[in-house]
Amino acid sequence: MAMRRFEYKTVKIEPKGFWGTKLDPEKIDEILNDLGNQGWELVAMQDLELNGSSWSFHYTFKREKI
C-alpha cells in the first residue's frame with residue numbers, strides 16, 4: 001500500500017483601506033470556495049498582528065497528490 005502524499009498552498013489576504021482595517025468577507029469566501037472547488041482543504045489560518053492590529057492573514061490548504 002502506497003503512502004499518502006500531500007501538497008500545500010498558502011494564501012495571504014491583507015486588509016484594505018487607508019489604515020488597512022477593511023476586510024471583504026464576500027471576497028474571502030470567494031477565494032476560499034474557489035480553492036475548495038479545486039480540492040484544497042483549509043488546515044490552518046494565522047492572523048498576523050502587530051500591537052493589536054491585524055495586518056495580514058495566512059490561510060494554509062492541503063490536498064492529496066494524485
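I took two strands as paired if DSSP finds at least two bridges between them. Helices (H or I, at least four residues) and strands (E, at least two) are DSSP runs, which I numbered from the N terminus.

**Basis.** I worked on a predicted model, in which local features need pLDDT of at least 70, side-chain atom pairs count only at pLDDT 80 or more, and totals for chains, interfaces and linings use all residues. Residues are numbered from 1 along each chain as its sequence is written, and side-chain values use heavy atoms, with hydrogens and water left out.

**Sheet.** I looked up the strand order and found an open sheet of 3 strands, β1-β3-β2, with antiparallel pairing. The edge strands β1 and β2 each pair on one side only. Neighbouring strands are turned by 20 degrees against each other on average, direction ignored; axes are lines fitted to C-alpha atoms, for helices over the stretch in contact, and angles run from 0 to 180 degrees between N-to-C directions.

**β1 and β3.** I noted 8 bridges between β1 (residues 6-13) and β3 (residues 53-64), which run antiparallel. H58 in β3 is the bridge partner of K12.

**β2 and β3.** I found that β2 (residues 41-50) is joined to β3 by 9 bridges, again antiparallel. Y59 in β3 stands opposite M45, and L50 has S53 in β3 as its bridge partner. The hairpin of these strands has 2 residues between them, and N51 takes a positive phi near 55 degrees there.
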